[in-house]
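Please consult the sequence and the model shown below.

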Amino acid sequence: IWNVSDHKIENRQETYFWHRASGKDSFIMEEKTTMEITNDRLEEAIKDYAADRTKEKLTAVLNLLRPTKLLVPAMLKAPDQPTPCFLKSGAGEQYFVVYTSKEQMANAPKSQALLSMPFPACNSIAVKPELNLSGMVINPFTDNLVLKIELIQKLHEADEKMAKQPK
């Protein structure tokens, strides 16, 4: 399989790699331990922004998010088909859920699988029109930072432009 991007998926004892190949998603199992994801600088920036919601502090958060791998809870349609979990607000809006580390998930509902995904890959799922999402929520049970879909769309478009530029 020709790999454009790899994402780890952890399911109890098994670790899967998600390979995006020629537009089709497939999964292969590999016996590897999942690396620990820690995003201390990002978590600090989110707390700074929560305390003082300025444009500069949001920009700092977004700049730290871009190169980051995030944890995405998922349910398994089949052993090799994880589907990201969404969170519904009291107003009925649905959000794509991501966590910066396992510690941030302590009070989260249990999920069948945990995907490790780069932030741009999270964006590309969140902007899918058929999902009709209102945005992305980062660490919903601790920091509860909500990024509205309009912002996610802009970040996704910027990433798409960057990907098309010759290296």
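A residue is called buried under 20% relative accessible area, exposed over 50%, and partly exposed in between, with a 1.4 Å probe and protein chains only. The model is predicted, so local features need pLDDT of at least 70 and side-chain atom pairs count only at pLDDT 80 or more, while totals for chains, interfaces and linings use all residues. Residues are numbered from 1 along each chain as its sequence is written, and side-chain values use heavy atoms, with hydrogens and water left out.

Strands (E, at least two residues) are DSSP runs numbered from the N terminus, and two of them pair if DSSP finds at least two bridges between them. Four strands form an open sheet in the order 6-7-9-10, with mixed pairing. Strand 6 (86-88) and strand 10 (145-148) are the edges; each has a single partner strand, so one side of each lacks a neighbour in the sheet.

Strand 9 (residues 135-138) pairs with strand 10 in the antiparallel sense over four bridges. Within this pairing, Val137 stands opposite Val146 in strand 10.

Most residues other than glycine have a negative phi. Asn139 and Asn144, both in the loop between strand 9 and strand 10, have a positive phi although neither is a glycine.

| Residue | Phi | Relative accessibility | Class |
|---|---|---|---|
| Asn139 | about 50° | 0% | buried |
| Asn144 | about 50° | 40% | partly exposed |
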